[in-house]
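Q: Please take a close look at a single part of this model. Keep it brisk.

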Amino acid sequence: MPILRTLLASLTLIIVGGYALSAATDGFRAFTTETARRIEVREHPVQLPATMLETQSGARIRLADFHGKWLLVDFIYTRCATYCRALGGEFAQLQRRLAAPIAQGKLQLLSISFDPHDTPRQLADYQQRYHDLGFGWLAARPVGPGALERLERVFGITVIPDRFGGYMHNAAVHVVDPQGRLVEILDMDRPELVTQALPQSFSQSFKP
Amino acid sequence: MTARARLSFAGLAALLYAALLVPPVRHALEASMTAQMLVQIPLLVGVGALLRGALPARALAVTAGWDYHGITGLTLASLTAALWLLPRSLDVAVTEPIMAWAKYLSVPLLIGLPFAVSWPRMSFIVRGVFLLEFIATFFRMGWLDLIWPDRLCNSYLLGDQQRLGQYLVLIGGWLCVLIICKLLWGRFDSLIEVRRPAPPPPCN
């Protein structure tokens, strides 16, 4: 009965293979690493480490200092001419749209550089280039051995050198709740999604 | 197959496998999406295909009873291949050591070996269906890589992805040309069997 045995073996393989494919794609929802990272964070928020950062003014802060506020994080390098141009513009725009909750101390924007060449000076220039209003938006670089790698690991950031001396990286807006948990990762060119991810009371003060 | 021939197939497979495991070779092949998809994974499939020559006749006879027309082997190879066609699989195979091992073990043993074992058992129709699907996969994946505006793999550059897309479409096109040539001018053994006997000579 080779036909029946073949049928049995093939059906078993299809069932096992179906389970494997389903497990490998989070139930046929995520075919790329980027989608997978977003689903993972949404379903299992990640507690962030208390990494030490140096800001554009040279001040030392810890990521944990932002507990109690909502935090929007993006990853940048100041020489970037592609994605970060959009991200820098996006953060300046969010700074204007969310001016009210920022002024009330409920929200903070934070750009973290993954480029070891970036100094506080360059971070300040970067913000100026995008017309920073001077409040509620910090640009910073991680300090200390292994700090950057730890942040990249927790946030799920992959940075690879491109062929022009710069970097390519998965650019997005990362939403951190007041308990210091990464709860949402959103496309960078969709500010309306960012406001949806924040408490509703924030959006009442928006200027459309 | 003689014991000596089997041994040389096993030796060749081991040699190719060892070459692919050498760290500089591995890193070079995994540095680009194109090299991983079009060189590294196909060579790992080749390792498994070589292993078929190392199998004793008894093992082949036992599997034959479960592999009518080669369908079981083809199913196993196709499902495993589908897993390694996912963009996120290419990513984790580069970033997670355990998934790198999963790739190095599953591609030869669950794609190359079962396919090589089952191919001689496949009938003309099963081979035809397989080839159609095989070529369609090149076009589908190539088209996806070409039109997708973002990167599908976080570990690879967008330009790399688009180059891979071009190569995949080109290879799919060449496979079509080869199949057309085979259909027009090739010999098909399975057709010869069903060819009708020559009519008897006319009576005088």
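Which residues in α5(B) are buried?

A: This is a predicted model, where local features need pLDDT of at least 70 and side-chain atom pairs count only at pLDDT 80 or more, while totals for chains, interfaces and linings use all residues. Residues are numbered from 1 along each chain as its sequence is written, and chains are lettered from A and ligands numbered from 1 in written order.

In α5(B), the buried residues are I71(B), T72(B), G73(B), L74(B), T75(B), L76(B), A77(B), T80(B), L83(B) and W84(B). Buried means that 20 or more other C-beta atoms, placed from the backbone, lie within 10 Å of the residue's own. Helices are DSSP runs of H or I with at least four residues, numbered from the N terminus.

Helix α5 of chain B covers residues 71-85. Its 15 residues should span 21 Å at 1.5 Å a residue, and its end C-alpha atoms are 21 Å apart, so the two agree. The expected span is 1.5 Å times one less than the number of residues.

What covers these buried residues? The cover includes α3 (33-54), α6 (87-95), α7 (97-118) and α8 (124-147) of chain B. It also includes α1 of chain A.

That brings in the other chain. The contact takes 24 residues from chain A and 21 residues from chain B. Two residues are in contact if their C-beta atoms, placed from the backbone, lie within 7 Å. On the side of chain A that touches chain B, α1 (2-24) and α2 (33-43) each supply at least two residues. The largest share, twelve residues, comes from α1(A).

Note on methods:
A residue is buried if 20 or more other C-beta atoms lie within 10 Å of its own, exposed if 12 or fewer, and partly exposed in between; C-beta atoms are placed from the backbone.
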